[in-house]
Amino acid sequence: MRLFRRPSRRRTGPGGRSPRRRRAGTAALVAALAAALLGAASCAVDPPGPPVDAAAVAPAGTGDPTTTPTGTPTGAPPTPAAPARVPDSLRFTGTTLDGKPFAAADLAGRPVVLWFWAPWCATCASQAWTVAEIAPQYRDRVPIVGVAGLGQRTAMRDFVTEFELGGTLQLDDAAGKLWRRFEVVEQSTFLIIDRDGKVIHQGFLDGEDLTRRVAALATQAG
């Protein structure tokens with residue numbers, strides 16, 4: 001007798017699909033949804049740009065704290081001012097009655113008063129008290145420099161001591177070098193040089209005139 005195999009019955013779910021095929025379809029759908037979501041997210045985020053320089057976007061006043069607005073380090077010493085131009089009228093040197101070297105160029109940029117005197121001169125003696133009084137007051141703004149001549153060094157030093165001129169710079173010009181340079185022919189003579197090096201007075205001044213002129217020059221010098 002011929003035997004026939006009974007066909008097997010396959011299990012199907014709703015809709016006629018087998019559970020295995022349905023699970024495979026579900027997995028594929030989940031994978032597709034995940035890929036779509038990732039694609040949407042990647043489209044929503046801008047691509048990274050070049051690195052940003054923090055200094056370029058820093059607000060004003062937040063720069064390098066170790067420098068000034070001009071770029072100079074805060075701990076650096078200030079730049080020294082340029083030296084004043086030395087005019088021809090102050091291009092001379094000498095020696096003080098104390099034997100110290102003197103350079104008139106050190107006084108450039110300020111008004112200067114040169115007082116030419118002799119130790120035996122009565123007029124010089126009458127003016128010495130005024131010089132001794134005002135010279136220390138204006139030393140930094142209007143230096144008064146005595147130029148002693150026509151005498152011996154000992155007599156010149158005695159004159160300085162007697163009239164209390166120790167606080168005033170006094171040059172020893174016994175040889176007459178500076179007297180000849182400025183063409184001084186009599187004593188007492190005051191020669192006033194302004195801050196630009198121009199000689200604005202040469203001649204006699206009494207105590208009142210000398211005080212007034214020096215005070216005016218000091219005001220201009222600041």
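Let's start with two rings. Phe-159 is buried, and Phe-163 is buried too. Keep in mind that this model is predicted. The two rings form an aromatic pair. How far apart are their centres, and what is the angle between the planes? The centres are 4.7 Å apart, and the planes are at 50° to each other, which makes the pair tilted.

A search of the whole structure finds 9 aromatic pairs. Some of them join up. Ring pairs link Phe-159 and Phe-163 with Trp-115, Trp-117, Trp-129 and Phe-190 into a cluster. One more ring deserves a mention, for another kind of partner. The charged end of Arg-181 sits over the ring of Phe-182, 5.1 Å from the ring's centre.

Now helix H3. H3 covers residues 122-134. Where does it bend? The bend is at Ala-128, and it is about 30°. Several residues of H3 are buried: Cys-124, Ala-125, Gln-127, Ala-128, Thr-130, Val-131, Ala-132 and Ile-134. Here is a rule to remember when you look at that list. An α-helix has 3.6 residues a turn, so residues three or four places apart point the same way. What covers the buried residues of H3? The cover includes strands E3, E4 and E6, plus helices H4 and H6.

Why is Gln-127 called buried? Its relative accessibility is 4%, so it counts as buried; the cut-off is under 20%. Its side chain makes a polar contact with the side chain of Ser-188, at 2.4 Å. Leaving out residues up to four places away in sequence, Gln-127 touches Trp-115, Ser-188, Phe-190, Phe-204, Leu-205 and Asp-206. Two of those names, Trp-115 and Phe-190, belong to the ring cluster.

Stay with Ser-188 for a moment. Ser-188 lies in the loop between helix H5 and strand E6. The peptide bond from Gln-187 to Ser-188 is cis, with omega near 5°. Why point that out? Most residues other than glycine have a negative phi, and most peptide bonds are trans.

Leu-150 has a positive phi, near 55°. Leu-150 sits in the loop between E4 and H4. It counts as partly exposed because its relative accessibility is 45%. Glu-164 also has a positive phi, near 55°. Glu-164 is in the loop between H4 and strand E5. Buried or exposed? Glu-164 counts as exposed, because its relative accessibility is 60%.

On to the strands. Take E4, residues 144-148, as listed among the cover of H3. Why call E4 largely enclosed? Because 5 of its 5 residues are buried. In a regular strand the side chains alternate between the two faces of the sheet. On one side of E4 we have Ile-144, Gly-146 and Ala-148; on the other, Val-145 and Val-147. Both faces are covered. E4 pairs with E3 in the parallel sense, over 5 bridges. In that pairing, the bridge partner of Leu-114 is Val-145 in E4.

Strand E6 has 5 of its 5 residues buried, so E6 is largely enclosed by the rest of the structure. Thr-189, Leu-191 and Ile-193 are on one side, with Phe-190 and Ile-192 on the other. E6 pairs with E3 in the antiparallel sense, over 5 bridges. There, Val-113 stands opposite Ile-192. E6 also pairs with E7, again antiparallel, over 4 bridges. In this case Leu-191 stands opposite Gln-202.

E6 and E7 form a hairpin, with 5 residues between them. Gly-197 in the turn has a positive phi of about 95°. Lys-198 lies in that loop between E6 and E7. Lys-198 is exposed, because its relative accessible area is 56%. Which residues does Lys-198 contact, leaving aside neighbours within four places in sequence? They are Ile-192 and Ile-193. Leu-90 is 108 residues away along the chain, yet its C-alpha is 9.8 Å from that of Lys-198.

Last stop, E7 itself. His-201 is found in this strand. His-201 counts as buried because its relative accessibility is 15%. Its contacts, with residues up to four places away set aside, are Phe-190, Leu-191, Ile-192 and Arg-213. Phe-190 takes us back to the ring cluster, with Phe-159 and Phe-163.

Definitions and conventions:
Residues numbered from 1 in each chain as written. Predicted model: local features only at pLDDT ≥ 70, side-chain atom pairs only at ≥ 80, totals over all residues. Heavy atoms only, no water. Bend = angle between axes of the 7 residues up to and from the residue. Helix = DSSP H or I, 4+ residues; strand = E, 2+ residues; numbered from the N terminus. Buried < 20%, exposed > 50% of the residue type's maximum accessible area, 1.4 Å probe, protein only. Contact = heavy atoms within 4.5 Å. Phe/Tyr/Trp six-rings, centres within 6.5 Å; stacked < 30°, edge-to-face > 60°. Lys NZ or Arg CZ within 6 Å of the ring centre and 35° of its normal. Polar contact = N/O pair within 3.5 Å; in protein donor to acceptor, adjacent residues only side chain to side chain. Pairing = 2+ DSSP bridges.
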